[in-house]
Amino acid sequence: MTVGSMPWDRPAPERAGLPSAWSLFPEELAALGCPGSALETFRRLHRPWTWKDGAPDLGSGIRRWLEGVADLRLPRIVEQQPSADGATKLALDLADGKRIEAVHMPRKVRNPRVTYCLSSQVGCAMGCTFCATGSMGILRNLQPGEILGQVLAVMAELGPDRGHLLTLVFMGMGEPLHNLEHLHRAIRLMGHPAGLGIGMGRITVSTSGLVSGIEKLAKLEPRPMLALSLNATTDEARSRTMPVNRVWDLARLRQALDAWGLKRGEKLTFEYVLLAGENDTEADAERLAAWLGDLRRGHNLNLIPMNEHDASSFRQPGEARVQAFSDWLKARGCFVTVRRSRGRDVQGACGQLVKGKDLHERRISHG
Ligand code: SAH
Ligand code: SF4
């Protein structure tokens with residue numbers, strides 16, 4: 001880093017390309033010359049329940065030092081849309097003005113646990129035809145400090161007030177395995193015992209089937225839970241709605257999941273978006289169960305009726321068909337949950353995360 005030795009020699013953080021304060025491990029804070037305990041500084045940064053007035057309580061000496069070597073800005077919550085089901089959709093602005101979204105989903109009444117649905121990229125490059133995020137294309141990857149900062153900003157605003165009450169799912173904007181290096185650093189920071197201390201059993205990374213990423217993540221430590229968005233049961237249909245399938249087809253994907261090798265206490269999750277008239281027949285259920293094969297022993301299968309939005313003409317099947325599809329799978333040994341997406345009334349549900357403005361601009365640019 002080419003910064004001067006005296007504070008007044010240093011360029012302002014926002015112009016200096018400094019690392020995010022939230023992307024640094026205690027030993028890295030120490031290596032940068034932390035004038036106090038690096039572990040204690042890390043603890044104060046990463047535990048929003050100890051913050052004062054929405055910011056870490058660092059003490060003026062440490063704060064001054066840190067401002068010289070790191071960027072202390074967090075994603076800024078610019079919009080909150082509470083939904084009738086208790087979920088809140090949040091829009092967060094990053095330092096460069098780009099916007100991401102997260103959803104805060106408390107469990108039932110009297111249960112302090114909260115699930116966050118998080119973004120890993122601004123937009124997404126995968127182009128799935130049923131997905132609103134896919135329709136906006138990719139703008140950029142999130143940095144590790146932004147991925148983690150998203151959690152800290154939402155936590156400081158809406159709780160819960162302890163890390164062990166959090167469950168995190170990377171099912172917001174983006175293909176997490178397309179940004180694996182940054183994602184993994186963020187996950188390691190989230191698991192640090194002096195920070196949020198979130199166990200890997202409570203972090204789920206959902207992928208559209210980026211096999212190269214699945215194979216890399218399989219070997220990383222620590223390793224979060226994996227969810228796979230299947231969404232079709234023939235290569236022809238899957239390649240039509242999910243372009244990633246043209247590179248890694250169903251057989252190749254199945255091979256990658258075999259190689260994943262479930263450890264004790266791990267489960268694979270499968271997501272299947274039900275699209276009326278596209279992937280919701282009994283023959284689809286039959287093929288889906290056959291494709292899962294012996295993976296049926298340790299899995300959850302989430303059926304998600306299509307959340308309709310303006311960027312796609314797919315519709316959700318009627319209630320009776322959703323129920324029938326679930327029954328067909330159960331009869332074939334699958335553990336099925338129908339996921340009524342939360343936050344539907346505020347467009348915060350799966351596949352609906354897109355800025356209205358971007359969508360509008362895109363349509364204009366497409367004539
Ligand atoms: N990119 C990752 C994670 C984000 S998408 C992935 O694709 O897995 C999270 C989930 O939302 C995926 O299972 C995806 O299939 C689903 N999804 C996308 N668009 C949807 C829509 N319109 N309705 C319901 N679910 C949708
Ligand atoms: Fe990207 Fe997932 Fe949407 Fe596909 S479903 S476009 S991978 S966010």
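In the predicted model, helix 4 (residues 60–69) has Ile 62, Trp 65, Leu 66, Gly 68 and Val 69 buried (under 20% relative accessible area, with exposed over 50% and partly exposed in between; 1.4 Å probe, protein chains only). These residues lie on the same side of helix 4 because they cover an arc of only 155 degrees around the axis, the arc being taken from the directions from the helix axis to the C-beta atoms. Ser 60 and Arg 64, on the other side of helix 4, are exposed. Helix 2 (26–31) and helix 3 (38–46) are among the elements that cover the buried residues, contact meaning heavy atoms within 4.5 Å. Helices (H or I, at least four residues) and strands (E, at least two) are DSSP runs, numbered from the N terminus.

In helix 11 (residues 282–292), Asp 284, Ala 285, Leu 288, Ala 289, Trp 291 and Leu 292 are buried. They line one face of helix 11, since they fall within an arc of 160 degrees seen down its axis. Gly 293, with a positive phi near 50 degrees, follows helix 11.

Around ligand 2 are Cys 124, Met 126, Gly 127, Cys 128, Cys 131, Gly 134, Gly 174, Glu 175 and Ser 208, each with a heavy atom within 4 Å of the ligand.

The protein chain has a mean pLDDT of 90, pLDDT being the predictor's confidence in each residue, from 0 to 100. Over residues 1–13 pLDDT stays under 50, as over residues 355–367. Where pLDDT is low, the predicted coordinates should not be read in detail.

Residues are numbered from 1 along each chain as its sequence is written, chains are lettered from A and ligands numbered from 1 in the order in which they are written. Local features need pLDDT of at least 70, side-chain atom pairs count only at pLDDT 80 or more, and totals for chains, interfaces and linings use all residues, while side-chain values use heavy atoms, with hydrogens and water left out.
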